[in-house]
Amino acid sequence: MRLVVDDWFVITCLALSMIVIWFGARSLSQRQRNQRAVWTAAWGVGISCLWFHLFRINEIFDRARPLVEPPLTYLRTDQSFPSEAAAVGFAFATAIWIGNRRAGIALGFLAFLWAFGRVYCGAHYPSDVIAGALIGIFTSFLMYFIWRILKFAPNLFIGFMRWIHLA
Amino acid sequence: MASAFGEYFWQYLPLVFFSSLGVLQIAAARAGLRGLTFFRRPLPCYLFGAVAIVGAFVWFYATGDRGAEPLVRINDGVKVFFGETETFATFMGGAVSALVATILVSSVVNARISSSTDKGVPHGLDALKEMTFFQAITRRLRKGA
């Protein structure tokens with residue numbers, strides 16, 4: 001359990017899975033869907049994090065962490081609500097789920113484990129991770145619809161990567 | 001106040017580099033991208049990938065207590081920081097280095113994979129099913145496509 005609550009393991013696994021999803025599809029049509037999903041995921045995660053820093057969401061709610069002596073990890077002293085980890089995890093999972101159901105469910109499980117671990121170890125209240133997850137899911141859907149309208153940007157990027165044989 | 005960024009950078013970068021190397025081998029073998037794999041058959045690629053990923057994580061966790069300290073803190077008056085931007089930049093650096101290393105090694109190992117220069121170059125990653133990255137790029141440039 002300690003592995004899934006630290007600041008390294010899950011986020012690194014989620015990011016590494018983007019490489020598999022980008023390169024690992026067997027058919028061209030699935031590859032194109034996957035690569036658009038990775039594009040959306042990158043933006044979904046980036047914009048999710050941007051919300052937190054731009055609008056200082058944690059400082060607005062200013063909720064203290066649930067435990068003063070967490071059993072599994074270091075003591076977090078910053079604000080608790082909402083959970084940025086949950087936002088990042090579910091932003092990844094949602095964007096990938098849109099393009100690839102099986103991979104999206106697997107990443108969703110990883111994101112759930114991360115969020116559950118944060119509650120289990122006393123770093124967050126359940127409402128923190130639920131709010132964070134909603135932010136991540138909303139942002140990824142928002143990015144999906146934005147890039148459906150502004151098709152030229154992902155097309156340009158993926159087209160260039162395809163030209164240099166990396167997509 | 002002095003600050004230190006390198007402490008985590010040199011620990012996280014090898015983790016990302018070697019695990020990305022492993023992930024790329026598994027993905028390339030799965031997609032049949034013969035021009036990106038280090039081995040002819042898929043099974044050694046999967047084994048190499050698994051060993052690289054597990055080895056990188058075991059090394060990372062064996063060399064420090066990763067859950068014990070926050071990534072931004074003050075140690076003896078020195079601000080230690082490794083925030084989201086630093087983590088992202090390090091991940092991208094490690095992943096791109098792993099991709100470059102994969103391209104270089106696979107191009108050397110598979111130098112004889114495709115000898116015919118008459119065939120056209122398939123688009124995108126499909127080209128790497130029958131030739132290496134450098135073969136695909138040079139043929140494309142030669143044909144002016």
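Which are the buried residues of helix α4 (residues 133-143) of chain B? In this predicted model, they are F133(B), Q135(B) and A136(B). Viewed down the axis of α4(B), these buried residues fall within an arc of 165°, so they line one face of the helix. The other side of α4(B) tells the opposite story, for there L141(B) and R142(B) are exposed. Part of the cover over the buried residues of α4(B) comes from another helix of chain B, α3 (84-109).

Four helices and three strands make up the secondary structure of chain B. Read from the N terminus on, its elements follow the order β-α-α-β-β-α-α. Chain B has 145 residues, and buried residues account for 36% of them. Contacts across the sequence can also be considered: among those in chain B that link residues at least 6 apart in sequence, 69% join residues at least 24 apart.

Chain B also touches chain A. To this contact chain B brings 30 residues, while chain A brings 24 residues. On the side of chain B that touches chain A, the helices α1 (6-31), α3 and α4 each supply at least two residues. The most comes from α1(B), which gives eleven residues to that side. Sorted by class, the side of chain B that touches chain A holds 19 nonpolar, six polar and five charged residues.

Within chain A, a pair of helices deserves a look of its own. A general point comes first: two packed helices are described by the angle between their axes and the distance between the axes. Here the axes of helix α2 (residues 9-23) of chain A and helix α5 (residues 84-99) of chain A come within 10 Å and cross at roughly 20°. An angle under 35 degrees counts as roughly parallel, and so α2(A) is roughly parallel to α5(A). The crossing in which α2(A) passes α5(A) is left-handed. Where the two helices meet, α2(A) contributes V10(A), I11(A), L14(A) and I21(A), and α5(A) contributes V88(A), G89(A), F92(A) and I96(A). By class, this contact of α2(A) with α5(A) has seven nonpolar residues, one polar residue and no charged residues.

As background, most residues other than glycine have a negative phi, and most peptide bonds are trans. Against that background, the peptide bond from F81(A) to P82(A) is cis, with omega near -10°. P82(A) sits in the loop between α4 (57-61) and α5 of chain A.

R56(A) is not a glycine, yet its phi is positive, at about 50°. Its place is the loop between α3 (28-54) and α4 of chain A. R56(A) counts as exposed because it has 12 C-beta neighbours inside 10 Å. H165(A), likewise not a glycine, has a positive phi of about 65°. This residue belongs to the segment after α8 (152-163) of chain A. With 26 other C-beta atoms within 10 Å, H165(A) is buried. R56(A) is therefore exposed, whereas H165(A) is buried.

Technical notes:
Residues numbered from 1 in each chain as written. Chains lettered and ligands numbered in written order. Predicted model: local features only at pLDDT ≥ 70, side-chain atom pairs only at ≥ 80, totals over all residues. Axes fitted to C-alpha atoms, helices over the stretch in contact; angles between N-to-C directions. Parallel < 35°, antiparallel > 145°, perpendicular 65-115°, else oblique. Left-handed = near helix turned anticlockwise from the far one by under 90°. Contact = placed C-beta atoms within 7 Å. Nonpolar A, V, L, I, M, F, W, Y, C, P; charged D, E, K, R; others polar. Buried ≥ 20, exposed ≤ 12 C-beta atoms within 10 Å, placed from the backbone. Arc of directions from axis to C-beta.
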